[in-house]
Amino acid sequence: MMLHLAWKNVKFRKMRALLTILGIASSISLVVLMTGIMTGTEKSFVDSFAQMAGEVRIQPKSDALSGTSTDLVPQGALLSPEAVRKITDAARGYDASRSSAVVYQPLIPASAPNMPDVMVLHGVEPGKEQVGLRGVAIAAGEGKLTGERDLIIGNGALTALGTRDGRTYTIGDEVSLQDGATFTIKGIAEKRDTFTDSLAIVPIKTAQTLLQRQDNVNFVVLNYPVDTVKETAAALEEQLPEFEVVTADAMLESVNKALDGQRTFFALINGTVYFTAVAIIFMVMYTAVMERTREIGTMRAVGTPRSAVVTGILSEAVILTLVGAILAAVPGYFIIVTGWAMLPAGQFLAEVARTFGAAVLIALGSCLYPAARAARINPLEALRYE
Amino acid sequence: MVQKLILEAKNLKKRYTLGRENVVHALNGADLTVLEGDFVSLIGASGSGKSTLLHILGFMDRADEGELRFEGRLVTGLKESEMTRIRSTEVGFIFQSFNLIPSLSAWENVAFPARFVSGVSAAQRKARALELLDAVGLGDRAGHRPGELSGGQRQRVAIARSLINQPKILLADEPTGNLDSRTGAQIMELFAGLNAAGQTIILVTHNPEVAAQTQKVYRMKDGFLRRVTAGDYFAAD
């Protein structure tokens, strides 16, 4: 019953409603965006590591993991050819076609802390491109490195190079990766996640020359059936105590720890935004009650129960908040789902539903005092102005 | 035919404290009996206590002392929720400044008090509101908001609103106070018509000409109520 009156009030005071809705919409869009980015980033990591489920990476022991990369590759410490041989001799039962020594070097670093690098050079043995591709299909060209200057590149890395050089690259084009070293684009990987998006795969020898690493590599990737990875990794750790044996699960755990700071940061922003929303709604509804003292007094005088007055005020706040939330969800959808493709539509909508729930609770919570004040208005207030 | 007793007030007293020590005795022991079908006016100067009495009779305020009976039932000391229920179903109130809800149309304003009466559907509320608007001559203004109506039209809407729940008694506080004399006269004609149809009405006014159009006139002075005859209406307070 009072929902109808609340809706009428919102429509009647259009400017006030519009400004309130805009305030709420901007607050909620910020929350949706922050939550979407965080959830999308986490999902991207989880998806990426899921593709690596069968991988065991063996690398030098080092405390100095890369500061910019979430791939957690030791920087500065390399594996010599002898070390690689020792590893491959010790390992048993891996899929040789999907295992390779790898030269790894971020070339275009991440734009924000704890985010994946924009372009990462992977030098792999020719014929073992899948070690870098990790199951990603080739969208254009081919997925084989036949020449020493061949390059298979991810979508994001290609876009970044295009932006750097002010042109659009396609299959067969020559592109400089670093210090004028040019490569021919042989294949472009399909867009899947931020890791594979950043790929720049070249033959291992070329990478070693380009980065002046002689015959050394960063790590060795060995591929096992997924269900045997845990035991195999444990066995390799015993056999090769001088190396670090890393599985996808361990990497994900490290990434999760690294993301904790980011989560706290986003939670603080969201908290501030929620507080602002509470302040906006409280102020608007408190002012509305003060302005409408006579109107509410009249309602009470003609027999409106206190509970109905409370319902009316709460309904009005919920309407303003929900309209704001819907307005906020639309740009959020286009940014998170359509634009950055960080989340699938379903997961985004689930996040939006959660935000809507929080928004409604905030609307109700911030309105309790104005609503209680409205309910206490005496019917005689209707006559006080006469 | 014996008229049924609607309201009976005995020795009603009401005090207000203004500031720390200034006590105003708004009612000093007012007695009033209203029978079914009465058309009563309470006349008096500003501050004489007539509005205070009307608020108590309309269940918007409580007396400090005295007894109030509604249809024979003692209603002094009722709980707030019970007073609200009586205001909703038994009493119709008309204000000097109309007090319509600005965001609602004329018919929605009229139908509003019926929302809180159980067993009345939305369709029934609307039909009854439109019928009442027709009866007060505003059938063609049903969809207009108060801001789109003249003062006289707004007061007609307010009268229609006061009738929506078929109250036993109508209370009007200076209903012509904000209207020009011609429109005021039309509103008084409307009241006369309602009274002729059996509606009990109590009206507060400071205008003796308005009071002269009612059946029983009580003069309020210094918190006391005294019935007066035609010759006394214009006597100085």
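B:Leu7 stands opposite B:Val34 in β2(B), where strands (E, at least two residues) and helices (H or I, at least four residues) are DSSP runs, numbered from the N terminus. This is a predicted model, in which local features need pLDDT of at least 70 and side-chain atom pairs count only at pLDDT 80 or more, while totals for chains, interfaces and linings use all residues. Residues are numbered from 1 along each chain as its sequence is written, and chains are lettered from A in the order in which they are written.

**The antiparallel sheet**

- Strand β1 (residues 5-18) of chain B runs antiparallel to β2(B), and 11 bridges join the two; strands count as paired if DSSP finds at least two bridges between them.
- The open sheet of 4 strands in chain B has the order β2-β1-β4-β5, with antiparallel pairing.
- Its edge strands are β2 (22-35) and β5 (73-74) of chain B, each of which pairs on one side only.

**The mixed sheet**

- In chain B, 6 strands form an open sheet with mixed pairing, in the order β6-β7-β8-β3-β9-β10.
- Because β6 (91-94) and β10 (224-228) of chain B each have a single partner strand, one side of each is left without a neighbour in the sheet.
- Strands β3 (residues 39-43) and β9 (residues 216-221) of chain B run parallel and are joined by 4 bridges, and B:Ser41 stands opposite B:Val217 in β9(B).

**The side facing chain A**

- 25 residues of chain B are in contact with 19 residues of chain A, contact meaning that C-beta atoms, placed from the backbone, lie within 7 Å.
- On the side of chain B that touches chain A, α2(B) gives the most, with 5 residues.

Key: Two residues are in contact if their C-beta atoms, placed from the backbone, lie within 7 Å.
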